[in-house]
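Colleague: I'd like to see how the labels on a model like this one get decided. Could you take me through a few?

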Amino acid sequence: IRGNTKTKDMVIRRELRIRPGEKFDGEKIDRSKERLEGLNYFEEVAYESEDTEEALEANKRDLIFKIKEKQTGQLSFGGGVSSIETLIGFAEISQNNFDLFNWPTFTGGGQSISLQGRLGTQTRDISFSFTEPYIFNKPYSYSIQLYDTRRDTQNTPWNEERIGASNTFGHKFTEYTSAAVGITAEQVKLTDVAADASPQILANGSTNNLFKLRPTIAHDTRNNPLNPVRGHLFSFSPEIVIGDSAYYSAF
């Protein structure tokens, strides 16, 4: 592997579908290239074979993956006006190739982290997320999301605040099949509830504690999840909610 000055070798190698000592396999090499491009860490990904004295004696050649890294951190902000909210502003800072233990750059480990904020005259949203796609370099993933959402609108007869934390554990069973389970704890507060609000809203009270369970199974054969030109994605994700309220959905 050549060209990776920030990204760790293991982050690249775990995406490769051909291993040292195996026979040449064009499909596995092409698939390896597709998976590296899908990481969105590199401007260019290419491969070639190279002769070495040791390799020639054993009737072998070295396979070289050449990559060109790009910026994976992002800082964005902006603002605007709308008919619903007079003024609105947002800001986000994220790193798609984060490394929690690589001080002081904190890059190169294949993790992702994001902090977002959105502030308007009637809304306020703050969220934080972190994802480790390979726990201990194994095909198990973990992500956490914390959020605080508030709505003070004139379109509904109440104001709403949602504070929650979501934990998701995933596993890749095969090259194209994966499953995950998400668990969310959320507190919903309703304030300034109008007397003419729906009976269900009035009956639920001002504070509701909810627990959400969302299993997901997916079959993904896309050549690139960011810009696919072939393949398909099938997924099924029901959600069951219990607590002060109970309901379910599927999508």
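Predicted model: local features only at pLDDT ≥ 70, side-chain atom pairs only at ≥ 80, totals over all residues.

Colleague: What does V45 touch, not counting residues up to four places away in sequence?

Modeller: V45 touches K33, L36, E37, K66 and I67. V45 also belongs to the largest nonpolar core, which has 12 residues, including L36 and I67. The elements giving two or more residues to that core are α1 (9–13), α2 (26–38), β1 (42–50) and β2 (62–69). Another core, of seven residues, lies apart from it, with W158, A197, I201 and L210 among them.

Colleague: Why is A250 called exposed?

Modeller: The relative accessible area of A250 is 53%. Exposed means over 50%, so A250 gets that label. You'll find A250 in strand β13 (residues 247–250). Leaving out residues up to four places away in sequence, A250 touches F236, S237 and P238.

Colleague: And why does L146 count as partly exposed?

Modeller: L146 has 39% relative accessibility. L146 lies in strand β7 (residues 140–151).

Colleague: Which nonpolar patch includes L146?

Modeller: One on the surface, formed by L75, F77, I93, L115, I126, F128 and L146, with about 690 Å² of accessible area together. β3 (73–80) and β6 (123–132) are the elements that give two or more residues to the patch.

Notes:
Residues numbered from 1 in each chain as written. Heavy atoms only, no water. Patch = residues over 30% accessible without salt bridge, like charges linked within 9 Å, V, L, I, M, F, W, Y side chains within 5 Å. Areas by Shrake-Rupley, 256 points an atom, 1.4 Å probe, with all protein chains shown as cover. Salt bridge = Lys/Arg side-chain N within 4 Å of Asp/Glu carboxyl O. Helix = DSSP H or I, 4+ residues; strand = E, 2+ residues; numbered from the N terminus. Buried < 20%, exposed > 50% of the residue type's maximum accessible area, 1.4 Å probe, protein only. Contact = heavy atoms within 4.5 Å. Core = buried A, V, L, I, M, F, W, Y, C linked by side-chain atoms within 4.5 Å.
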